[in-house]
Every structure is written in C-alpha cells, then in structure tokens.
Amino acid sequence: MTVSVDIRHRFGDFALDVQFEAPQGLTVLFGRSGSGKTTVINAVAGLITPDSGHIAVDGRVLMGDGVDLPPHKRRVGYVFQDARLFPHLTVQQNLHYGRWFAPKSARPQNAGRIIEMLGLGQLLTRRPAQLSGGEKQRVAIGRALMSGPDVLLADEPLAALDEQRKEAILPYFEKLRDEAGVPILYVSHSPSEVARLATTVVALQNGKVLRAGEAHDVLSDPAVTPVGAMAAGAMLTTTVGMQHEDGLTELRFGAESLLVPHVDKPAGAGVRVHVEAQDVMLSLERPTGISALNVIPAKVRSIRMGDGPGALVQLETGGERLLARVTRRSVAALGLTEGLELYAVLKAVSVSRSNLGS
Amino acid sequence: MTDWLSPEEWQAVLLSLKVALWATVWSLPLGIFTAYALARWRFPGRQLLNGLVHLPLVLPPVVTGYLLLIVFGRRGVIGSALADIGIVFAFRWTGAVLACAIMAFPLLVRAIRLSIEAVDPKLEQAAGTLGASKPWVFITVTLPLILPGVLAGAVLAFAKAMGEFGATITFVSNIPRQTQTLPSAIYAFLQVPGGEASAMRLVIIAVVIAMGAVVLSEYFSRRIARRVSGQ
C-alpha cells in the first residue's frame, strides 16, 4: 500500500506546501519543531482539513476531488505522543475498541499475534492508570493496529518517554515496520530514531519538503543534516560477521567492516548502525598507533560548509555512505575535495546500543 | 412509617417523591445535551442559552411560577395548544413536575457540564481515529467518563425538586392529594392551629432527604476525578 500526500495549508504566517509518497515500510517525517510534520499527519488523519490538496491511500481518496472523509471513516491508526488510552476501559477493552468499529473484512485476524508482538499478554486485565509510560505507548500501538488500519500514523510516539523506555519501545517499531504489512507515517525530530527506523525519509523545513527518498540517501545528504539536531549522522546497513572473544562484534558492509561493542545477534543478521557525524574523524593516511579500532578507507563524495566554523563531509565506503563533522579549518588543512581518497576513523565504543537497530 | 405519619402527610411525601423522580428523569436527557452543548460547542447565542439555563436559580421562584402559568396555563401560548391534545399542566401534578424540572435544571446542567469539561477532548479525538462516529464516541467514551457527574447532578436535581415550593405553588396551587407536595404541605400545616407537629415531622423528612442527597452528590463528584484519571 502507498500513501500519497499533496496538501497546502496556511495558518497565520506559516504556509505548508507538501507533496510526497510513502511506500510500504516506515516513512519518517523528519524536521525541527514548527516544520509542519504533525500538521501533515493530522491532515492524513482528518483531524485538520487543509486548505486544498489530495490525500489517498492506495488510490482510496481520503481528501480531495470533493471528498473530505471524517476521521472515523479514514481507516487510519493513530499513535499519539500521549498514549490517550481510555481510562475507564481495561487494556483488553482498549485494544478491542477500534476492532469493534472496523468493517468485518478489515478486522485483523491475528489479534493474538499483535498482542504477542507488543508483549501485552500480561497487561490485558490492567487499567491504563496502572501502566508505565512505555507500556501505555505499547497498548496505544496495539489499539491502533487492532482497528485494521490502511496506514499507521505515529506522532513522536517516544518523545514523552525517558531514554531507557525509548530503548524498550524502538524494537517494537522495528518489528512493526518489518512485519505489520501496513505503511507507517512516523513523525520525529530525533536523528537516532530516524536512522534506526526509517526506510523512507521525508525531510521537512518551514513547511516544505527539503528532500524525500530512501533513508540511506536522505540521511547521508549533508544538505539535510542542518534540519536535524547536532546529532546528525548517516545510517549503515550491515550484517553481523564474526563475534570476537573480547566482546566485540564485527559488522560487515560491502568489502568493509566495523567493530562495535557486542551485538547479540547471529552471524548474517541485519543490523542498522547510526554513525553520528561528530564521532567520525578523517585522516589522509592510514593512522597507526591510535586506540580507535575502526579505520575505514573512504572517498569524499561532497562537502558542505556550515554557517559557523563547521563542515559536513559525505563519504562513500563499502557501498554505504558516512557523514563526518569536521571544522572548515580541517577541510582547508587536509585539502579535502570531492573524489579524494582518505580514511574514516571511528572509535568502537562511540557506537552505543542506542545506535544499533535491526 | 404509616403510623407515624397521618395519611395526609404521607400523601404529600409520596407525591413529592413522584414529582421529583419524574422531574429528574425527564430533564436528564435535555440536561446532558445542554451541558454538552455549553461545554463543547461554540455557537452564536451560547451565552444567552447559558443565562437562560441559570435564570431559575436567581429569579424569584414566584416569578418563574407566574411565567409558567402564562406560557403553560390553559390559556397560555403553549398550554392551550397542549390542552387540545390532552396534555394539561396547570393545577395538575404534571405541572408540579414541569415547575420542579425547570427549577432544578441549573443544578443538573452545572454538575454535568463540569464533568464534561474534565474529560480530555483528545480522548474523543483518539476514539474518532479508531473508527467511532461522533454519537458512538459520546456513548462509548464521553458518557462513561461523565457518569458520576451525571449521577451527582441527578441526585442534586432530585433533592432540589423535592424542596421546590415557590414556583410550584404559584403554577399548580396547593391542592391536597393532587398538587400538595411536601413543602406545600408544611406551609399548609403551619397555616392552621395545631398543625405544628405535622409540619415538624415533614420538616425532619425534608432535612434527611436533602442531607442524604448532598452527601451522595459529593460522593459521585469525587468519583469523577478518579474515573477520569482511570483509577
């Protein structure tokens, strides 16, 4: 299923003018607060009506061509930032709420599977007030899925959680992306979430699409990084290689490999690694006598000078892309230009658990 | 109980219970609707409606009773039309129901409105995205959450209806066994020599019912907060 969005909306000084297609998989709407991300998914859900435009899911028009379906006829599942569980109902009743309203043909046959996938079995008889923030959010995800939606919308579903709980929820979204069979539109301003989850990224800036495409391409595009926070960085798609005896794991991509702290996965399993641009050092020669374990041959693809003293360098290595944040002074001192071959240096320990996804 | 109260006193108590019950039952749906409209909708005339609902609270009851007589009396604008199809309010117990319902309406609407305002509209929005149409959202989310508030308002309205005097006596007079409610009976007993004992017995009943209603209403009100937070 594909979601196509083409909307224009104006409120006050802010003008939204956005077109994109979200294919199967997880599409992250990425950008700073105020870039219009939430407005876009609220328009898809029918919670706001844009001034003009067209929204369709697999050809079924939700808005446009004289159609403007109310939210309850749109068949979208919405996971809000604040879980919004019904306080008077048990977890079980919350989960079945949307199922009851869904047409018979759309009701998920695999209710048990959804409950199992989200680890909700133990919580069914509880009430929302007895759940932790992370548990609430998992129930909210389950509730949205049980309504058998054509598209799942999530508005910064992890923003209200602390780091530890975020870590606990992210794997569920990874599973959803790979197993739920429903396209997901996911709003986020967190580069690490984007790197772990996204298959498609739509980068928004001031109400316009800055860049849209596959996650690899968009995230490693130096033009996009100023959109996000300082923690910009590229995403590598790797497979687990050898497990070393001293607790390190080798991740392979193309002909290259990367050593990171232990990854508890069998050899051959896919792992997405978020490498933050500020953790990558550049060297013209293969450095020796340094503690950093990863010295990866790479080629400069592009350089983007920042407004301040910084610069972002996009590298190509092993068929993947990396971003390095360096100073303009270093760009000049090393004589960095497009096509230059050099070495990217990365400490194994700078890749933490939170940078690894499936 | 029947030994303790004379048949006349007992009549008044029973009639008051009947009048208060019907007044509460009939005004509940309209009360919920009005409270919802005032809490959730923005429409022209909203302040006017709000004022109209609260008017019986501040107007002298005798004025309300007189206005009812003008409008719903046998020669009244609406009263004469209703009389043609066999519905008569003036000087009937049904008129007492109408007068009590109107006098209790502000209390009912106020309690329900407060409980609706305590419900997060975001929950209703979430129910919408899960496929529930507006009426279903109200039935499955809003109504269960405000139920304690509805009960609190209903109990309060019931107690108010039990005690209503001014508008009732003006509109339907004070006819024993027909329109003589508990307060009217107390008033009547106080007008005749030797009626003090009867009046005192009815006064005690009135105080007990009123106290019980306030306590019950408070109990339901406290439950709103707990219910909305899901405990």
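**View 1. Residues 199-220 of chain B and the other annotated segments of that chain.** Residues 199-220 of chain B are 100% helix and 0% strand, with their end C-alpha atoms 32 Å apart. The model is predicted. An unreviewed UniProt entry lists residues 199-220 of chain B as a "transmembrane region", along with residues 20-39, 51-73, 85-109 and 136-159. Of these, the span 51-73 of chain B is 87% helix and 0% strand, and 24 Å separate its end C-alpha atoms. The unreviewed entry in UniProt also carries the annotation "domain: ABC transmembrane type-1", placed on residues 13-215 of chain B. Across residues 13-215 of chain B the chain is 80% helix and 0% strand, and the end C-alpha atoms lie 21 Å apart.

**View 2. The contact between chain A and chain B.** On one side stand 20 residues of chain A, and on the other 18 residues of chain B. Two elements of chain A, β7 (76-79) and α2 (91-101), each give two or more residues to the side that touches chain B. The element that gives the most to this side of chain A is α2(A), with 3 residues. Sorted by class, the side of chain A that touches chain B holds 13 nonpolar, 4 polar and 3 charged residues.

**View 3. Packing of α2 against α4 in chain A.** From α2(A), the residues in the contact are A:V91, A:N94, A:L95, A:H96, A:Y97, A:G98 and A:R99. These meet A:V139, A:G142, A:R143, A:A144 and A:M146 of α4(A). The contact of α2(A) with α4(A) comprises 6 nonpolar, 4 polar and 2 charged residues.

**View 4. Packing of α4 against α5 in chain A.** Helix α5 (residues 163-179) of chain A crosses α4(A) at roughly 20°, and the two axes come within 9 Å. This angle makes α4(A) roughly parallel to α5(A). The crossing of α4(A) and α5(A) is right-handed. On the α4(A) side the contact is made by A:G133, A:G134, A:Q137, A:R138 and A:I141, and on the α5(A) side by A:R165, A:A168, A:I169 and A:Y172. By class, 4 nonpolar, 3 polar and 2 charged residues take part in the contact of α4(A) with α5(A).

View 5. Strand β1 (residues 3-11) of chain A runs antiparallel to β2 (residues 14-22) of chain A, and 9 bridges join the pair. Within this pairing, A:V3 stands opposite A:A22 of β2(A). The strands β1(A) and β2(A) form a hairpin with 2 residues between them. In the turn of this hairpin, A:G12 has a positive phi of about 60°. Strand β1(A) is also joined to β4 (residues 52-57) of chain A, in the antiparallel sense and by 6 bridges. There A:R8 has A:S52 in β4(A) as its bridge partner.

**View 6. The open sheet of chain A that runs from β14 to β21.** In this sheet of 5 strands, the order is β14-β13-β12-β15-β21 (chain A) and the pairing is antiparallel. The edge positions are taken by β14 (256-261) and β21 (356-357) of chain A; each has a single partner strand, so one side of each is left without a neighbour in the sheet. The partner of β14(A) is β13 (residues 248-253) of chain A, and 6 bridges link the two antiparallel strands. One of the bridge pairs is formed by A:L248 and A:P261, the latter in β14(A).

**View 7. The open sheet of chain A that runs from β16 to β19.** This sheet also has 5 strands, in the order β16-β20-β17-β18-β19 (chain A), with antiparallel pairing. Its edge strands, β16 (281-283) and β19 (320-327) of chain A, each pair on one side only. From one strand to the next, the twist averages 45°. Within the sheet, β17 (residues 294-305) and β18 (residues 310-317) of chain A run antiparallel and are joined by 6 bridges. The bridge partner of A:M305 in β18(A) is A:A311.

Notes:
Residues numbered from 1 in each chain as written. Chains lettered and ligands numbered in written order. Predicted model: local features only at pLDDT ≥ 70, side-chain atom pairs only at ≥ 80, totals over all residues. UniProt positions renumbered as here; feature names shortened; annotations may be inferred. Helix = DSSP H or I, 4+ residues; strand = E, 2+ residues; numbered from the N terminus. Contact = placed C-beta atoms within 7 Å. Nonpolar A, V, L, I, M, F, W, Y, C, P; charged D, E, K, R; others polar. Pairing = 2+ DSSP bridges. Axes fitted to C-alpha atoms, helices over the stretch in contact; angles between N-to-C directions. Parallel < 35°, antiparallel > 145°, perpendicular 65-115°, else oblique. Left-handed = near helix turned anticlockwise from the far one by under 90°.
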